[in-house]
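Here is a short briefing on one protein chain. Read it with the sequence and the model side by side.

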Amino acid sequence: MEAMLRFGVSAAILLLMMAWERLRPTRPLSGPRHRRWPINLGLAALNVGVLRASLGAAAWLAAHWAAGQQLGLFNNLLMPAELTVPLSLLLLDLAIYAQHVAAHRWRWLWRLHQVHHSDLDFDTTTAVRFHPLEILLSMLYKVLWVVALGAPPVAVMVFEIILNACALFNHGNVSLPPAFEKTLRRLLVTPDMHRIHHSARPSETDSNYGFSLSCWDRLFKTYCRQAQQPQTEMTIGLNGFRDAQTLGLVQLLLMPFRPLRKR
């Protein structure tokens with residue numbers, strides 16, 4: 001049930017973002033959608049299959065197991081759900097921020113994460129462009145945090161839905177009215193904020209790591225307010241991967257096992 005709910009919400013938001021991008025795109029795409037989307041969505045389908053065959057809803061199940069065993073911080077504190085749920089959401093989001101920073105700074109993690117950044121365009125399908133091994137490692141990482149925190153199962157389910165929804169939104173090739181975007185960015189990561197993270201400039205790639213809440217980048221000094229180039233003109237992707245012909249599905253799956261290219 002939990003997996004079906006997450007999938008249903010994610011699919012609905014993906015379709016909504018695709019429609020929004022069609023009607024009001026921020027940037028012209030450098031290549032046709034029919035070449036990129038099968039690759040990005042193919043990776044997404046593969047990742048869903050890998051998870052269903054292995055870890056599945058491991059984080060949610062781990063939350064139930066930890067509660068039954070009275071493991072983790074919140075399972076050993078006399079706190080009402082009105083506090084443990086929002087605190088769990090906050091700390092899990094911080095954990096994902098830390099994971100994202102590590103994926104850029106540790107070479108063996110970057111080998112996997114570069115698959116996500118190698119996309120030559122930036123739209124909502126980029127949000128699901130991940131190597132299966134990174135997805136598996138991310139799930140194991142979340143399981144550890146869920147057990148350590150003793151996060152309530154409902155908080156884990158809500159967190160997964162929020163994380164997926166925010167990722168699909170902030171990878172969108174869409175823009176918001178400037179005044180509203182500025183206000184929303186104080187709380188959430190917006191497309192204009194996250195698009196900077198996908199710039200080909202290494203200094204900009206290594207900034208704006210947040211997926212949901214924008215406060216972590218400000219708190220840990222990784223925030224970049226504005227790119228050197230306008231949003232409509234900045235180069236997206238990695239300098240070492242500029243040929244779309246070498247970024248097919250098979251090549252992306254093999255990318256982590258090949259020599260690293262200079263960023």
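Helices here are DSSP runs of H or I with at least four residues, numbered from the N terminus. By that rule, Ala-62 is found in helix 3. The model is a predicted one. The protein chain holds 12 helices and 0 strands.

**Overall build**

- Read along the sequence, the pattern is α-α-α-α-α-α-α-α-α-α-α-α.
- For 263 residues, a compact globule would have a radius of gyration near 18 Å. The protein chain has 18 Å, so the value agrees with a compact globule.
- The C-alpha trace spans about 55 × 40 × 35 Å along its principal axes.
- Of the 263 residues, 50% count as buried.
- Take the contacts with a separation of 6 or more: residues 24 or more positions apart account for 74% of them.

**Surface and charge**

- The accessible surface of the protein chain comes to about 13000 Å². Carbon and sulfur atoms own 68% of that surface.
- The protein chain carries 26 positive and 16 negative charges.

**Nonpolar cores**

- The largest nonpolar core has 24 residues. Which of them touch the most other members? They are Val-146, Val-156 and Phe-211.
- Six helices each supply at least two residues of this core: helix 1 (2-23), helix 2 (33-53), helix 3 (58-69), helix 4 (81-105), helix 6 (132-149) and helix 7 (153-170).
- Helix 7 gives the most to this core, with 5 residues.
- Leaving out residues up to four places away in sequence, Phe-211 touches Ile-96, His-100, Phe-130, Leu-163, Cys-166, Ala-167, Asn-170, His-171 and Val-189.

- Ala-62 has a relative accessible area of 8%, so it is buried. The cut-off for buried is under 20%.
- Beyond residues up to four places away in sequence, Ala-62 touches Val-143, Val-146 and Val-147. Val-146 is also one of the residues that touch the most other members of the largest core.
- Ala-62 and Leu-144 are 82 residues apart in sequence. Their C-alpha atoms are 8.6 Å apart in space.
- Lys-142 has its place in helix 6. Is Lys-142 buried or exposed? Lys-142 counts as buried, because its relative accessibility is 9%.
- Which residues does Lys-142 touch, not counting those up to four places away in sequence? They are Ile-96, Phe-159, Glu-160 and Leu-163. Ile-96 and Leu-163 are also touched by Phe-211.

- Leu-94 is found in helix 4. It is partly exposed, with a relative accessible area of 25%.
- Leu-94 touches Trp-216 and Phe-220, with residues up to four places away in sequence not counted.
- The C-alpha atoms of Leu-94 and Gly-210 are separated by 8.5 Å. Along the chain, Leu-94 and Gly-210 are 116 residues apart.
- Leu-254 lies in helix 12, which covers residues 249-254. Leu-254 counts as partly exposed because its relative accessibility is 36%.
- Leu-254 and His-131 are 123 residues apart in sequence. In space they are 9.4 Å apart, C-alpha to C-alpha.

**Loop residues with positive phi**

- Most residues other than glycine have a negative phi. Two loop residues below have a positive value.
- Gln-70 has a phi near 55°, positive in a residue other than glycine. Where does Gln-70 lie? Gln-70 lies in the loop between helix 3 and helix 4.
- Gln-70 is partly exposed, with a relative accessible area of 44%.
- Lys-221 has a phi near 60°, again positive in a residue other than glycine. Lys-221 has its place in the loop between helix 11 (215-219) and helix 12.
- Lys-221 has a relative accessibility of 74%, so it counts as exposed. Lys-142, in contrast, counts as buried at 9%.

Conventions: Residues are numbered from 1 along each chain as its sequence is written. This is a predicted model: local features need pLDDT of at least 70, side-chain atom pairs count only at pLDDT 80 or more; totals for chains, interfaces and linings use all residues. Side-chain values use heavy atoms; hydrogens and water are left out. A nonpolar core is a set of buried Ala, Val, Leu, Ile, Met, Phe, Trp, Tyr and Cys residues joined through side-chain atoms within 4.5 Å. Buried means under 20% relative accessible area, exposed over 50%, partly exposed in between (1.4 Å probe, protein chains only). Contact means heavy atoms within 4.5 Å. The radius of gyration is taken over C-alpha atoms; the globule rule is 2.2 Å times the number of residues to the power 0.38. Accessible areas come from the Shrake-Rupley method with a 1.4 Å probe; for residues, only the protein chains shown count as cover. Lys and Arg count as positive and Asp and Glu as negative; His and the chain ends are not counted. The place of a charge is taken as NZ of Lys, CZ of Arg, CG of Asp or CD of Glu.
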